[in-house]
Amino acid sequence: ALQAQSLLAARKGQTPPRPLTHDLFVSTLEMLNATVKEVAIKSVEDGTFYADILIDRAGMEFQIDARPSDAVALAVRTGATIHIDEAVLEDSAMEEDAGGETVEA
């Protein structure tokens, strides 16, 4: 629930009275003249999703392992592109059954 609230606040451009962890990270990147270039949701293993954050600083790129929720929160705050590996989409797809219930594909 906290991750969802953080994402919603960022999408609405709301600024909390005190910076959240994601806001702190964005501020730190700005002070270092670095940017979030993109986020990649790269795999899912045993129900656990894995992601990378690609950061650019003066032409040097750094790849950081991250929880997808944190990576997406940073992408929303910075306007970075979010990529999802096609295999992740296929592995985690949901479909509606004939009665309109959502079930795993």
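A word on the model: it is predicted, with local features needing pLDDT of at least 70 and side-chain atom pairs pLDDT 80 or more, while totals for chains, interfaces and linings use all residues. Numbering runs from 1 along each chain as its sequence is written, and side-chain values use heavy atoms, leaving out hydrogens and water.

Back to the patch. Strand S3 (residues 60-66) is its top contributor, with three residues. Helices (H or I, at least four residues) and strands (E, at least two) are DSSP runs, numbered from the N terminus. Ile-64 sits in S3 and counts as partly exposed because its relative accessibility is 33%. For the cut-offs, buried is under 20% relative accessible area, exposed is over 50%, and partly exposed lies in between (1.4 Å probe, protein chains only).

Leu-20 also counts as partly exposed, because its relative accessibility is 36%. Leu-20 lies in the loop between helix H1 (2-11) and helix H2 (21-31). Leaving aside residues up to four places away in sequence, Leu-20 touches Ser-6 and Arg-77, where contact means heavy atoms within 4.5 Å. Leu-20 and Ser-6 are 14 residues apart along the chain, with 8.0 Å between their C-alpha atoms.

Now the inside. The largest nonpolar core has 15 residues, and Leu-29, Val-36, Val-39, Ile-41, Ile-53, Ile-55 and Ala-71 have the most contacts within it. H2, strand S1 (34-45), strand S2 (48-57) and helix H3 (68-78) each supply at least two of the core's residues, and S1 gives the most, with four. Such a core is a set of buried Ala, Val, Leu, Ile, Met, Phe, Trp, Tyr and Cys residues joined through side-chain atoms within 4.5 Å. Leu-29 touches Ala-34, Val-36 and Ile-55, again not counting residues up to four places away in sequence. In H3, the buried residues are Pro-68, Ala-71, Ala-73, Leu-74, Ala-75 and Arg-77. Just after H3 comes Gly-79, with a positive phi of about 75°.

The strands pair up as tabulated; two strands count as paired if DSSP finds at least two bridges between them.

| Strands | Sense | Bridges |
|---|---|---|
| S1 and S2 | antiparallel | ten bridges |
| S1 and S4 (residues 81-84) | parallel | four bridges |
| S2 and S3 | antiparallel | seven bridges |

On the S4 side, Ala-40 stands opposite His-83. S2 and S3 also form a hairpin with two residues between them, where Ala-58 in the turn has a positive phi of about 50°.
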